Amino acid sequence: MSSKDRYKQTYRVSWDQLHRDSKALAWKLVDVRPSWEGIIAITRGGLLPAAVIARELDIRRIDTVSVVSYDWKTQGEPRIVKPLAEETDGEGWLLVDDMVDTGKTARFIRELLPKAHFATVYAKPEGKPLVDTFITEVSQDTWILQPWDSEVQFVEPIVGQRST
Ligand SMILES: O=P(O)(O)OC[C@H]1O[C@H](OP(=O)(O)OP(=O)(O)O)[C@H](O)[C@@H]1O
């Protein structure tokens with residue numbers, strides 16, 4: 001399906017909101033387990049929430065796995081471009097991403113780390129069953145516009161837009 005057909009609306013996330021939602025996720029994770037081996041961030045989207053969670057839960061061991069599956073809004077097969085440094089099945093580790101959409105990335109990584117606890121800030125219905133803990137559900141046809149993918153810009157006043 002083309003991105004044009006797939007996304008009908010946009011859910012814009014500000015830096016403040018991302019911080020607040022990541023912190024809310026950290027609050028939930030405190031109750032899951034008293035301490036963690038460390039965090040594995042799925043890059044790149046998982047890096048920002050992982051930093052906030054690491055700070056809140058005082059976690060110092062941070063690993064990353066880089067999976068590429070999207071070329072902007074078009075999805076292909078996921079492939080690892082940077083593997084984990086740790087050799088683990090995920091036991092005791094917190095696996096963090098900013099979101100699950102179709103769940104394709106999550107399914108791929110969960111095979112590598114079946115025992116990790118998978119946490120995301122945002123989840124869409126198709127990917128939700130793969131996540132252990134998340135904060136906000138967003139509909140499948142919504143494009144989640146993250147703050148690092150956007151910037152504030154001038155827009156014409158309404159009257160100006162109407163006259164063009
Ligand atoms: O559930 P899925 O349909 O697989 O989509 C979710 C993935 O898509 C985004 O990453 P993206 O592939 O855009 O890479 P990036 O984080 O490096 O921008 C997001 O950070 C997730 O990892």
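User: Leaving aside its neighbours within four places in sequence, which residues is Leu-57 in contact with?

Analyst: This is a predicted model. Beyond its sequence neighbours, Leu-57 is in contact with Ala-26, Leu-29, Val-30, Trp-36 and Leu-94.

User: Which residues of α2 are buried, and what covers them?

Analyst: An α-helix has 3.6 residues a turn, so residues three or four places apart point the same way. In α2, the buried residues are Gln-17, Leu-18, Asp-21, Ser-22, Leu-25, Ala-26 and Leu-29. Their cover includes β1 (9-12), α3, β5, β6 and β7. As for its length, α2 has 16 residues and spans 23 Å from its first C-alpha to its last, close to the 22 Å expected at 1.5 Å a residue.

User: Let us turn to α3. Is Ala-50 buried or exposed?

Analyst: Residues under 20% relative accessible area are classed as buried. Ala-50, which lies in helix α3, has a relative accessible area of 3% and is therefore buried. Apart from neighbours within four places in sequence, Ala-50 is in contact with Ile-39, Ala-41 and Val-96. Ala-50 and Leu-95 are 45 residues apart in sequence, and their C-alpha atoms are 8.7 Å apart in space.

User: How many salt bridges does a search of the whole structure find, and with which residue of α2 does Glu-56 form one?

Analyst: The search finds 12 salt bridges. In one of them the side chains of Glu-56 and Lys-23 meet, at 3.9 Å from N to O. Because Glu-56 lies in helix α3 and Lys-23 in helix α2, the pair ties together parts that are 33 residues apart in sequence. Glu-56 is partly exposed at 28% relative accessibility, and Lys-23 is partly exposed at 33%. Glu-56 also forms a salt bridge with Arg-55, with the closest N and O atoms 2.9 Å apart. Arg-55 is exposed, with a relative accessible area of 62%.

User: Which residue forms a salt bridge with Arg-110, and where do the two lie?

Analyst: Arg-110 forms a salt bridge with Asp-132, the closest N and O atoms lying 3.1 Å apart. Arg-110 is in helix α4 (residues 104-112) and Asp-132 in the loop between β6 and β7, so this pair ties together parts that are 22 residues apart in sequence. Arg-110 counts as buried at 18% relative accessibility, whereas Asp-132 is partly exposed at 39%.

User: Where does Lys-124 lie, and is Lys-124 buried or exposed?

Analyst: Lys-124 lies in the loop between β6 and β7 (133-137) and is buried, with a relative accessible area of 1%. Leaving aside neighbours within four places in sequence, the residues in contact with Lys-124 include Tyr-7, Val-100, Asp-101, Gln-140 and Trp-143. A network of salt bridges links Lys-124 with Arg-6 and Asp-101.

Note on methods. Residues numbered from 1 in each chain as written. Predicted model: local features only at pLDDT ≥ 70, side-chain atom pairs only at ≥ 80, totals over all residues. Heavy atoms only, no water. Contact = heavy atoms within 4.5 Å. Helix = DSSP H or I, 4+ residues; strand = E, 2+ residues; numbered from the N terminus. Buried < 20%, exposed > 50% of the residue type's maximum accessible area, 1.4 Å probe, protein only. Expected span 1.5 Å × (residues − 1). Salt bridge = Lys/Arg side-chain N within 4 Å of Asp/Glu carboxyl O.
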